[in-house]
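Dear colleague,

Please find the structure below, together with its sequence.

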Amino acid sequence: MAEHAGELADQVAGGFESLRRFGLQPAGSDIELIRELLLTQTELERQSQGHDDTALMKLCCVQLFNAGSPQDALTIWQAKTSSFDAHCSIDVQLLCSPGLEETKTYLAQDGSEPATAALDYLIRCQAAGDFTDFSVEKQSRWYSEYYCPG
């Protein structure tokens, strides 16, 4: 699988190709490929600290966000915490594709160390106002305007 993901990374090097190939609302059959691509990019970023493609990582996170699976919160969390650059690039709201409360519930039920860390971070960000007026629909619309203006 990792070898396949590496080949995929070569094929979609850069966000524009990934956006062209998968769109912002990827087909269900492409979700696993996007996850693999994100995990590969996350590992490269973790190893190189700022020398990989955090813009591509963010795009993969947006694509997974739009897919709406709560399980992707941990995949996105791994990407976000892979480096300082990735942490700054990947918006905290991307963890919450099924909604803020639903994501908090999912992370609490998961109970793993990464889930607990992500949940703590979400709670702190919520207290800081990062989720004021948040909705999945508004967030998705914002990313559509950002990546595909006009």
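A charge is taken to sit over a ring if NZ of Lys or CZ of Arg is within 6 Å of the ring centre and within 35 degrees of the ring normal. By that rule, the charged end of K58 sits over the ring of Y146, at 5.5 Å from its centre.

Some conventions apply throughout. This is a predicted model, in which local features need pLDDT of at least 70 and side-chain atom pairs count only at pLDDT 80 or more, while totals for chains, interfaces and linings use all residues. Residues are numbered from 1 along each chain as its sequence is written, and side-chain values use heavy atoms, with hydrogens and water left out.

Overall architecture

The protein has 9 helices and 0 strands; helices (H or I, at least four residues) and strands (E, at least two) are DSSP runs, numbered from the N terminus. Of its 150 residues, 48% count as buried, where buried means under 20% relative accessible area, exposed over 50%, and partly exposed in between (1.4 Å probe, protein chains only). Among contacts (heavy atoms within 4.5 Å) with a separation of 6 or more, 69% join residues 24 or more positions apart.

Aromatic residues

Rings of Phe, Tyr and Trp (its six-membered ring) pair if their centres lie within 6.5 Å; planes under 30 degrees apart count as stacked, over 60 as edge-to-face and the rest as tilted. This gives 6 aromatic pairs. One of them joins F131 and F134, whose ring centres are 5.3 Å apart with planes at 80°, so the pair is edge-to-face. Both F131 and F134 are buried. Y146 and Y147 also form an edge-to-face pair, with 4.9 Å from centre to centre and 85° between the planes. Y146 is partly exposed, at 49% relative accessibility, whereas Y147 is buried, at 18%.

Packing of α3 and α4

Two packed helices are described by the angle between their axes and the distance between the axes. Here the axes of α3 (residues 31-48) and α4 (residues 54-67) come within 9 Å and cross at roughly 145°. Axes are lines fitted to C-alpha atoms, for helices over the stretch in contact, and angles run from 0 to 180 degrees between N-to-C directions. The crossing of α3 and α4 is left-handed, a term used if the near helix is turned anticlockwise from the far one by less than a right angle. Residues of α3 in this contact include I31, I34, L37 and L38, and those of α4 include T54, L56, M57 and C60. The residues of the contact divide into 10 nonpolar, 4 polar and 2 charged; Ala, Val, Leu, Ile, Met, Phe, Trp, Tyr, Cys and Pro count as nonpolar, Asp, Glu, Lys and Arg as charged, and the others, Gly among them, as polar.

T54, in helix α4, is buried at 17% relative accessibility. Beyond its neighbours within four places in sequence, T54 is in contact with E45, D85, A86 and S89.

The buried residues of α5 include L74, I76 and W77, and their cover includes α3, α4, α6 (84-89), α7 (100-110) and α8 (113-127).

S18, in helix α2 (residues 15-22), is buried at 0% relative accessibility. Its C-alpha atom is separated by 8.8 Å from that of I34, 16 residues apart along the chain.

With kind regards
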